Amino acid sequence: MVTNADRLGIDLGDVQGVVLSHGHFDHAGGLTGLMGLRGVRSLPMVLHPLVWTRRRIAVPGRDVEELPTLSRRALDGEGFQVIERREPSLLLDGSVLITGEVDRTTEFERGMPPPHQAWTGGEWAHDPLVLDDQALVVDVRGRGLVVLTGCGHSGAVNIVRHAQRLTGVDRLHALVGGLHLGGPAFEPVIPPTVAALTGLAPGLVVPGHCTGWRAQHALAAALPDAWVQGSSGTAYRLTAA
């Protein structure tokens, strides 16, 4: 994060807080060095209490891969003030909403396949839901909701509907971030997801990270005026009406 910000000319000294999307290691490892750059002793980090869950990938016929687990000690050592919350909360004078744990309401977004497992304290068990997954939401005046996901393990449509219920705002202006639709386990979810998002008629859709190329093509075809190929370093300026 620090290296990329430097290359982009972004001053991280203005950062007031950090929100962790979920506990998978590839969404937290880049935070190292942020506190030293800011020159402050403490910075709040809001996360779901299940981010500490031990997880592994156990594909039949292959070696089991245990995923690196997020370390509370490491975060404390970096200087983050860890705030655990399951419920929705607000940041920056109430202008940014953290969804907290997302309600799972669609019939087709069923989460991770059986090889994704979590340690329950006594055994490894299928962990389909990744309950620590959460998103950020902003209501842009006159435009509608802007939803920023991490991996979108909760399901893109679940996340958007959850944001709509929390805010009372029906209009979706932008959806940006990972939608986790790549690979054989998730490709059957692409058609209903695309259909639901098309019905919401967003003005901007930037699917990133784990969305997968099949879903990218489907979204580009269904929402040609809204879809934009995401890329590192790209900025989007969304203004109120």
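Reply: A residue is called buried when its relative accessible area is under 20%, exposed when over 50%, and partly exposed in between, with a 1.4 Å probe and protein chains only. The model is a predicted one, in which local features need pLDDT of at least 70, side-chain atom pairs count only at pLDDT 80 or more, and totals for chains, interfaces and linings use all residues. Residues are numbered from 1 along each chain as its sequence is written, and side-chain values use heavy atoms, leaving out hydrogens and water.

Me: What is noted about the phi of His180?

Reply: Phi of His180 is about 45°, a positive value, although the residue is not a glycine. Most residues other than glycine have a negative phi. Leu92 also has a positive phi, near 50°, and is located in the loop between strand S6 (89–91) and strand S7 (96–98).

Me: What makes Leu92 count as buried, partly exposed or exposed?

Reply: Its relative accessibility is 46%.

Me: Which residues does Leu238 contact, leaving aside its neighbours within four places in sequence?

Reply: They are Val146, His173, Ala174 and Leu204, where contact means heavy atoms within 4.5 Å. His173 is 65 residues from Leu238 along the chain, and their C-alpha atoms are separated by 9.1 Å.

Me: How do you know whether Gln134 is buried or exposed?

Reply: Gln134, in the loop between S9 and strand S10 (136–140), has a relative accessible area of 2% and is therefore buried. Not counting residues up to four places away in sequence, Gln134 touches residues including Val19, His48, Thr99 and Gly150.

Me: What makes strand S12 mostly covered?

Reply: Seven of the seven residues in S12 (residues 172–178) are buried. In the chain, buried residues make up 41% of the 241 residues.

Me: How do you know that S11 and S12 pair?

Reply: Two strands pair if DSSP finds at least two bridges between them. Four bridges join strand S11 (residues 144–148) to S12, and the two run parallel. Leu145 stands opposite Leu172 in S12.

Me: Which strands form the open sheet, and which are its edge strands?

Reply: Four strands form it in the order S4-S3-S8-S9, with antiparallel pairing. Strand S4 (65–66) and strand S9 (124–126) are the edge strands, since each pairs on one side only. Within the sheet, three bridges join strand S3 (residues 55–57) to strand S8 (residues 116–119); Ile57 has His116 as its bridge partner in S8.

Me: Why is the chain called as compact as a globular protein of that length?

Reply: The chain has six helices and 13 strands. Its radius of gyration is 18 Å, close to the 18 Å that the globule rule gives for 241 residues, so the chain is as compact as a globular protein of that length. The radius is taken over C-alpha atoms, and the rule is 2.2 Å times the number of residues to the power 0.38.
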